[in-house]
Amino acid sequence: MSTSTRRDSRVGEPHVGRSFATLTVIQILIGMEAVAYSVWPPVPTSPIAGDRTLAVLMFALAAFSYFAAPRLARWALDLSLGATWLALAALTASRETAQGQIILGLAMLVLAVYIAYFLPPRRAFVHVALLVGAYGVALTLNPQITGPF
């Protein structure tokens with residue numbers, strides 16, 4: 001029995017296939033939020049081209065996470081996660097309303113819980129630290145947010 005087979009068969013360790021499927025669902029939900037925001041903008045003058053582009057990128061990333069990443073090396077999950085939290089930060093920087101910020105904040109929390117559950121502690125700490133840092137920078141750079149967070 002190989003080492004990887006033994007690792008996957010231990011009790012309490014998440015299944016590798018489930019981690020990619022769960023990440024795909026999270027990415028699709030973030031993409032659907034971007035589509036909804038571009039179709040029904042809360043402010044009539046809001047730019048929607050950026051949201052459409054990010055939505056298409058999120059759906060492409062979801063396809064990569066579901067179809068290609070499980071067949072690649074371990075770094076594919078890290079690449080897909082990094083691209084997801086960078087896209088989440090880009091969406092955060094473009095939101096004009098507090099409601100949009102709340103939805104993306106909840107998406108950030110869901111992504112952080114996913115990272116904590118499916119990654120080893122050291123890799124999870126690095127991802128969560130970078131996720132929170134990117135989200136904080138995006139909130140700081142957003143010109144529509146006037147109060148400190």
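In which helix does valine 25 lie? Valine 25 lies in helix H2, helices being DSSP runs of H or I with at least four residues and strands runs of E with at least two, numbered from the N terminus. The views below come from a predicted model, in which local features need pLDDT of at least 70 and side-chain atom pairs count only at pLDDT 80 or more, while totals for chains, interfaces and linings use all residues. Residues are numbered from 1 along each chain as its sequence is written, and side-chain values use heavy atoms, with hydrogens and water left out.

**View 1. The protein holds six helices and zero strands.** Read along the sequence, the pattern is α-α-α-α-α-α. Of the 149 residues, 38% count as buried, where buried means under 20% relative accessible area, exposed over 50% and partly exposed in between (1.4 Å probe, protein chains only).

**View 2. A nonpolar patch lies on the surface.** Val25, Ile28, Leu29, Met32, Val35, Val39, Trp40 and Phe59 form this patch, with about 750 Å² of accessible area together. Patch members have over 30% relative accessible area and no salt bridge, nonpolar side chains (Val, Leu, Ile, Met, Phe, Trp, Tyr) being joined within 5 Å and like charges within 9 Å; areas come from the Shrake-Rupley method with a 1.4 Å probe, and for residues only the protein chains shown count as cover. Helix H2 (residues 16-39) gives the largest share, six residues. Valine 25 is partly exposed at 48% relative accessibility, and valine 35, also in helix H2, is partly exposed at 33%. The C-alpha atoms of valine 25 and tyrosine 66, which are 41 residues apart along the chain, are separated by 9.2 Å.

**View 3. Aspartate 78 and arginine 123 meet through their side chains in a salt bridge.** The N to O distance is 3.1 Å, and a salt bridge requires a side-chain nitrogen of Lys or Arg within 4 Å of a carboxyl oxygen of Asp or Glu. Aspartate 78 lies in helix H4 and arginine 123 in helix H6 (residues 121-141), so the pair ties together parts that are 45 residues apart in sequence. Aspartate 78 is partly exposed, with a relative accessible area of 23%, whereas arginine 123 counts as buried at 18%.

**View 4. Helix H4 covers residues 75-94.** Its 20 residues should span 28 Å at 1.5 Å a residue, which agrees with the 29 Å between its end C-alpha atoms; the expected span is 1.5 Å times one less than the number of residues. Buried residues in H4 include Leu77, Leu81, Trp85 and Leu88.
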